[in-house]
Amino acid sequence: MKHDPLPLPGQDAAMTGRSIARTLLGFVLVAGASWAVGSPMSAAVAAGVVAAVMIGLIAGSDEPAAVAVPAPADDAPDRTAEVIDAVDDAVLIIDRQRITHANAAARKLFGAEKIEGDFRLALRHPVAADLIASDEETATPVEIAGLGEPDRRWAMSVRRIEGGARLVTLRDRTDSWVAERMRVDFVANASHELRTPLATILGFIETLSDGGAGDDPAIRARFLGIMMGEAKRMQQLVDDLISLSRIEADRFAVPQAQLALGPVVEEVVGVIRSGMDKDGGRIQVEAAPVPQIRADRVQIGQLLHNLIGNAVKYGRPDTPIRVVLKPIDGKVVLRVVDQGEGVAPEHLPRLTERFYRVDPGRSRSVGGTGLGLAIVKHIAERHRALLDIASRVGEGTAVTVTFPAAEADLLSS
């Protein structure tokens with residue numbers, strides 16, 4: 001920046017007066033002394049002039065330096081558009097019902113063609129229009145829905161700014177709303193899943209306590225069998241809920257231990273076959289040599305139990321269940337394929353939701369809790385694996401989990 005040296009107010013006249021007085025005094029003293037000692041008049045005058053010049057130079061160097069005052073700057077550019085463009089939330093400045101400024105987020109939300117005129121062309125929402133048209137500011141953000149997309153939720157704030165304009169801020173709260181809805185649904189579903197078997201157990205206990213049914217050994221044995229089944233169902237549900245909670249708590253901690261997946265597959269298949277009596281031969285293992293993966297052995301075993309268990313439950317009787325393990329492009333692919341009734345396309349995106357069932361009645365009849373694939377999804381996410389579910393109605397379902405190999409993971413890290 002250029003600076004112009006300027007004296008302080010009143011400093012210029014004082015500096016000039018002192019300089020002249022010192023110069024005259026020096027001239028008189030030197031010239032007078034020279035003439036008094038017998039020097040010619042011309043020599044005395046010359047000596048006085050030299051002395052005056054020297055005194056003037058010395059006095060000038062002793063004067064305080066002039067203060068540098070910044071030169072007036074040019075008018076600063078208006079950076080309002082740049083500032084609001086840097087904000088992640090959608091921001092509008094509305095003056096006399098017209099949008100005067102809109103940041104990038106607002107243009108993306110409403111479209112560039114709708115933010116160059118009356119704000120009601122963009123904000124087609126009665127609550128939003130009433131808030132902006134009123135003279136009141138929002139003490140707390142107001143939740144509105146339907147802007148941009150029908151299922152999105154926004155927190156809207158309105159503030160008055162200079163000149164009577166309005167600053168409108170829209171913060172996307174869809175993720176928070178979805179998370180809250182999932183929490184509410186989870187509590188409701190878990191309560192329902194526990195309440196149903198509990199009500200069954202309590203009903204049979206009351207029946208047996210009456211005395212009549214309890215005296216008949218056959219009826220008592222049947223009731224006790226049903227109660228045992230419902231109690232085991234509740235126990236399985238609680239176990240799955242605890243497992244899901246633990247997996248979610250560790251979702252950011254990537255396992256570091258190296259694991260050979262082939263022996264784990266053989267072990268889990270052996271356990272499941274032992275509980276299937278004569279049908280154990282349905283499970284066919286096709287395992288090729290694969291690299292090791294970084295994995296939690298317990299969670300991988302749980303993933304295999306859920307996938308193979310689902311194939312056993314929902315596959316047609318006497319049809320094979322294929323468990324495939326093979327390397328592809330430096331990765332380890334685990335695939336479980338059944339020949340069951342299959343799943344319609346509209347259900348596939350929701351299969352990994354908690355308590356989601358394509359056929360609730362059939363799922364409960366075979367002992368499903370509705371949490372199996374949710375657990376599989378979270379285990380896959382923790383192991384940085386990709387989960388894919390493909391199905392055709394009437395043909396069957398194939399669930400594929402693709403793990404990164406330990407060596408490739410080490411090189412990439």
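Biologist: Is helix α11 mostly covered or mostly open, and how many of its residues are buried?

Modeller: Buried means under 20% relative accessible area. In this predicted model, α11 spans residues 372–382 and is mostly covered, with 9 of its 11 residues buried.

Biologist: Which residues of α11 are buried?

Modeller: Start with the general idea. An α-helix has 3.6 residues a turn, so residues three or four places apart point the same way. Now this case. The buried ones are G372, L373, A374, I375, V376, H378, I379, A380 and R382.

Biologist: Which residues have the most contacts inside the largest nonpolar core?

Modeller: They are L261, V265, I300, L307, I308, L334 and F403, in a core of 43 residues. α7, α8, α9, β11, β12, α11 and β14 each supply at least two residues of this core. Take L261: among the residues it touches are I293, I300 and F403.

Biologist: Why is β14 described as largely enclosed?

Modeller: Count its buried residues. They are 8 of 9, so the rest of the structure largely encloses β14.

Biologist: Which strands are joined to β14 by bridges?

Modeller: β12 runs antiparallel to β14, joined by 7 bridges. Here V333 stands opposite T402. β13 is also antiparallel to β14, again with 7 bridges. There, L387 has V401 as its bridge partner.

Biologist: How many residues lie between the strands in the hairpin of β13 and β14?

Modeller: There are 3, and G394 in this hairpin takes a positive phi near 85°.

How values were computed. Residues numbered from 1 in each chain as written. Predicted model: local features only at pLDDT ≥ 70, side-chain atom pairs only at ≥ 80, totals over all residues. Heavy atoms only, no water. Buried < 20%, exposed > 50% of the residue type's maximum accessible area, 1.4 Å probe, protein only. Helix = DSSP H or I, 4+ residues; strand = E, 2+ residues; numbered from the N terminus. Core = buried A, V, L, I, M, F, W, Y, C linked by side-chain atoms within 4.5 Å. Contact = heavy atoms within 4.5 Å. Pairing = 2+ DSSP bridges.
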